[in-house]
Amino acid sequence: MKYDIKITKTATPKAKPVDESKLGFGRVFTDHMFMMNWSDKKGWYDGRIVPFGDIPIHPASTVLHYGAEIFEGMKAYRTVKDEIVMFRPTENIKRLNNSAERLCLPALDEEGCLDILKTLVELEKDWVPHADGTALYLRPYLIGNDPHLGVHAVHEALFVVICSPVGAYYAEGINPVKIAIESQDVRAVRGGTGYAKCGGNYAASLRAGQRAENAGYTQVLWLDGVDRKYIEEVGSMNVMFKIDGKIVTPALTGSVLPGITRKSCVELLKDWGYQVEERLFSVDELFDAAKNGKLEEAWGTGTAAVISPIGKLFYQGNEYVVSNNEIGALTQKLYDNLTGIQWGKLPDDKGWIEFVCKG
Ligand SMILES: *Cc1c(COP(=O)(O)O)cnc(C)c1O
């Protein structure tokens with residue numbers, strides 16, 4: 001089922017960024033955005049692409065008071081054949097609907113949502129940057145938007161998609177990150193919203209992130225909220241370890257975000273013959289492996305960076321260096337394969353690529 005999309009083009013298109021090496025992340029936005037309203041009486045209505053601009057919002061809107069917000073993060077790529085493609089977009093749409101269910105927000109039709117994303121990307125195709133490592137980042141989000149303060153599941157909602165050309169994540173080559181293991185704050189608990197991609201999870205994680213940054217670390221590694229010992233995620237990425245030849249990654253217990261990069265890595269690793277264990281993995285087991293010389297590689301996975309090697313781990317006064325603070329061979333292979341598929345340099349054997357239009 002497709003939604004009706006009324007397109008109103010801007011009369012004042014902006015100049016495209018000339019120097020793509022200065023794009024950074026999420027600072028430049030394209031000419032248009034998608035919006036669609038929902039009410040419990042009408043369902044989804046008024047799907048529209050309009051000039052990019054501010055959104056008027058009622059001062060009592062649910063999202064401003066009770067944090068009813070979920071989002072997605074995905075990219076459109078310009079391939080080496082100058083085609084515009086997306087990577088596993090239906091996975092993002094399914095996850096958006098799972099997040100919506102958790103926060104009592106309305107679901108979107110999968111096919112209709114894919115059509116929205118493709119229509120918007122095609123309209124903005126000249127904004128998909130050309131330089132190696134760049135992409136057009138899409139940020140779909142859905143907010144509860146009732147104009148009164150009563151606390152209950154929403155009667156009105158708004159779905160928006162904005163697009164931002166983003167630079168190469170690793171402008172100066174891939175540098176391993178320094179990670180501090182967080183033992184005070186937790187990001188999520190089982191039964192909470194950890195598996196939903198919602199703004200509230202991010203708000204709760206800012207303090208630890210800031211503390212880690214002030215202490216000279218790039219990110220925190222989150223432990224579970226019950227036993228405070230099982231590894232969950234690193235910053236806003238999933239995390240994987242290569243230990244004694246095997247791959248270990250935290251199981252999706254409900255407090256871990258089910259990353260699409262994580263899922264894709266697991267599939268590739270299994271294809272390459274690795275044993276992949278998705279299980280509870282404690283910080284003690286991690287440091288035992290590090291001390292015994294069995295921790296071979298560690299990396300984070302997520303759409304923004306794709307793969308982020310971990311070079312140093314800090315916990316309770318001790319620092320451990322992973323693979324000489326260099327990117328490990330398997331970490332590099334995952335990065336090369338995923339980005340190779342995304343930029344059309346490698347064949348898409350797994351059917352992960354969604355064609356949008358000619359470039
Ligand atoms: C989005 C996100 C990830 C990564 O998911 P991808 O689908 O791989 O981009 C991991 N952890 C958190 C908390 C996230 O919000």
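Which backbone N or O atom lies 2.8 Å from an oxygen atom of the ligand? In this predicted model, that atom belongs to I260. Residues are numbered from 1 along each chain as its sequence is written, and side-chain values use heavy atoms, with hydrogens and water left out. Local features need pLDDT of at least 70 and side-chain atom pairs count only at pLDDT 80 or more, whereas totals for chains, interfaces and linings use all residues.

For K197, a side-chain N or O atom is 2.7 Å from an oxygen atom of the ligand; for E233, the distance from a side-chain N or O atom to a ligand nitrogen is 2.5 Å. The protein buries 96% of the 380 Å² that the ligand exposes when taken alone (accessible areas by the Shrake-Rupley method with a 1.4 Å probe). There are 14 residues around the ligand (a heavy atom within 4 Å), and K197, Y202, E233, T261 and T303 come nearest.

The whole structure holds one cavity of 30 Å³ or more, a cavity being a set of points on a 1 Å grid over the protein atoms alone where a 1.4 Å probe fits but cannot get out. The largest cavity contains about 100 Å³ of space, a volume being the space filled by probe spheres set on the points. Its lining (residues with an atom within 4 Å of a point) includes I260, T261 and T303. β5 (74-78), a DSSP strand run of at least two residues, gives the largest share of this lining, three residues. Domain 1 (6-166) and domain 2 (177-327) each contribute at least three residues to the lining, with bounds from an automatic or database domain assignment.

Technical notes
Polar contact = N/O pair within 3.5 Å; in protein donor to acceptor, adjacent residues only side chain to side chain. 1 Å grid on protein atoms, 1.4 Å probe; cavity = no way out; pocket = protein on both sides within 12 Å on 5 of 7 lines; lining within 4 Å. Helix = DSSP H or I, 4+ residues; strand = E, 2+ residues; numbered from the N terminus.
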